[in-house]
Amino acid sequence: MIWGKYWKERRFGIADMPEATVWLDMCKRVATRGTCPRLRVGCVIVKNDGNKFTASGNGSPHGTDSCDEVGCDLENSHCVRALHAEARALISSRFPLGGAVLYCTDFPCYACAKLIVEAGIVQVCVENDYKYGKKSKELFSQVGIAWTIQNPKYDL
Ligand SMILES: [Zn+2]
Ligand SMILES: [Zn+2]
C-alpha cells in the first residue's frame, strides 16, 4: 500500500475530487482572514501528499495595526502594510519546505517568488493570474518550478 495514497483518501474522502481543488478551496477560505481590503489572499503549502501543511492569509505583522483597522499604506499604488500570504506561510511553517507544493488564491509577486524559490518549493498552483506576475513566471521557469493557473489571464 502506498502511504501517500491512503492518506489522501482518508483526508479528503472524495476520491474523484482533484487534489488541487481541495487545497485551493482551503486557500479561498483562508483568504477571508486576510486583513488587507485591497486583496485578501490565502496560501497553503503542502508536503507529503497532504500529511503536512501550513496556511496563512495576508496581513500586517503580528502586533501591528492592520489595513482593516487603520487603512492601507500605499506606495506606488501598492499596499506595503500587509505581509503577503505566501511570505507568511513560508516563515510560519513548522516543517522543512523543500519539495513542497504551494497553493495560493493569487499568483505570487516577484518578492514572494524569490522566497518560494529559496525555500525549495517544487510546484506552484494558483487560482487567479496576477497582472504583474511576468517576472515570477520567468523565475519559476528558470529554476524548474512547475506552475499552473486555474484562471489564466495574462500572457507570459
Ligand atoms: Zn492594505
Ligand atoms: Zn507577494
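Tutor: Two residues are in contact if their C-beta atoms, placed from the backbone, lie within 7 Å. Keep that in mind for this predicted model. Helix α4 lies across β1, β2 and β5. Its direction is about 140° to β2.

Student: Which elements make up the protein chain, and in what pattern?

Tutor: The protein chain holds six helices and seven strands. Along the sequence they follow α-α-β-β-α-β-β-α-β-α-β-α-β.

Student: In what order do the strands of the open sheet stand?

Tutor: Five strands form it, in the order β2-β1-β5-β6-β7. The pairing is mixed. At the edges stand β2 and β7 (146-151), each pairing on one side only. From one strand to the next, the twist averages 15°.

Student: Take one pair. How many bridges join β6 to β7?

Tutor: Five bridges join β6 (residues 123-128) to β7, and the two strands run parallel. For a landmark, find V124, which stands opposite W147 in β7.

Student: Which strands does helix α2 lie across?

Tutor: Helix α2 (residues 19-31) lies across β1, β2, β5, β6 and β7. It runs at about 140° to β1.

Student: Back to α4. How do I read its packing against α5?

Tutor: Two packed helices are described by the angle between their axes and the distance between the axes. Here α4 (residues 85-92) and α5 (residues 110-119) pack at about 25°, with axes 9 Å apart. Angles under 35 degrees count as roughly parallel, so α4 is roughly parallel to α5. The crossing of these two helices is left-handed.

Student: Which residues of α4 and α5 meet?

Tutor: From α4 come E86, A87 and L90; from α5 come C112, L115, I116 and A119. The residues of this contact divide into six nonpolar, no polar and one charged.

Student: How should I look at spacing along a helix?

Tutor: An α-helix has 3.6 residues a turn, so residues three or four places apart point the same way. Now look at the α4 side of the contact again: E86, A87 and L90.

Student: Which residues of α4 are buried?

Tutor: A85, E86, R88, A89 and L90 are buried. Their cover includes β1 (42-47), β2 (52-57), β5 (101-106) and α5.

Student: And for the protein chain, what share of residues is buried?

Tutor: Buried residues make up 33% of the 156 residues. As for contacts with a separation of 6 or more, 52% are between residues 24 or more positions apart.

Methods:
Residues numbered from 1 in each chain as written. Chains lettered and ligands numbered in written order. Predicted model: local features only at pLDDT ≥ 70, side-chain atom pairs only at ≥ 80, totals over all residues. Axes fitted to C-alpha atoms, helices over the stretch in contact; angles between N-to-C directions. Helix = DSSP H or I, 4+ residues; strand = E, 2+ residues; numbered from the N terminus. Parallel < 35°, antiparallel > 145°, perpendicular 65-115°, else oblique. Left-handed = near helix turned anticlockwise from the far one by under 90°. Nonpolar A, V, L, I, M, F, W, Y, C, P; charged D, E, K, R; others polar. Buried ≥ 20, exposed ≤ 12 C-beta atoms within 10 Å, placed from the backbone. Pairing = 2+ DSSP bridges.
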